[in-house]
Amino acid sequence: MAKERRIAPNGLTLTPKEDRVITYMEDHGSITPAEAEKHLHDHRLAASIHTLRHKGYDIDTIRVDMVNAYGEDTWFGRYVFGKGE
């Protein structure tokens, strides 16, 4: 039996991939690109977040600065629900 599809805040239906991202964020409080790849096999998290924002989810980006394996300064985004969620 197929799982019932989640409805986004604006009334659109979520894809299974989008549902997994939202569920992960609900369970863990946030998600990073590395977590999305490892746990959800989502290699384009920024695109998924963009679509979820378009579907009415209030998702903020927290910039996390780091130094990569080559000693270079870089950053990645940690996505969290905004205050409206």
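How many positive and negative side chains does the protein chain have, and how far apart do the centres of the two sets lie? The protein chain carries 12 positive and 14 negative side chains, with 4 Å between the centres of the two sets. Lys and Arg count as positive and Asp and Glu as negative, while His and the chain ends are not counted; each charge is placed at NZ of Lys, CZ of Arg, CG of Asp or CD of Glu.

This is a predicted model, in which local features need pLDDT of at least 70 and side-chain atom pairs count only at pLDDT 80 or more, whereas totals for chains, interfaces and linings use all residues. Residues are numbered from 1 along each chain as its sequence is written, and side-chain values use heavy atoms, with hydrogens and water left out.

Three helices and two strands make up the secondary structure of the protein chain, in the order α-α-α-β-β from the N terminus. Both are DSSP runs numbered from the N terminus: helices are H or I with at least four residues, strands E with at least two. Along the principal axes, the C-alpha atoms fill a box of roughly 50 × 30 × 20 Å.

Of the 85 residues, 29% are buried, meaning under 20% relative accessible area, against over 50% for exposed and in between for partly exposed (1.4 Å probe, protein chains only). Among contacts (heavy atoms within 4.5 Å) between residues at least 6 apart in sequence, 46% join residues at least 24 apart.

The loop between α2 (33-40) and α3 (45-54) holds His41. His41 is not a glycine, yet has a positive phi of about 55°. His41 is exposed, at a relative accessible area of 61%.
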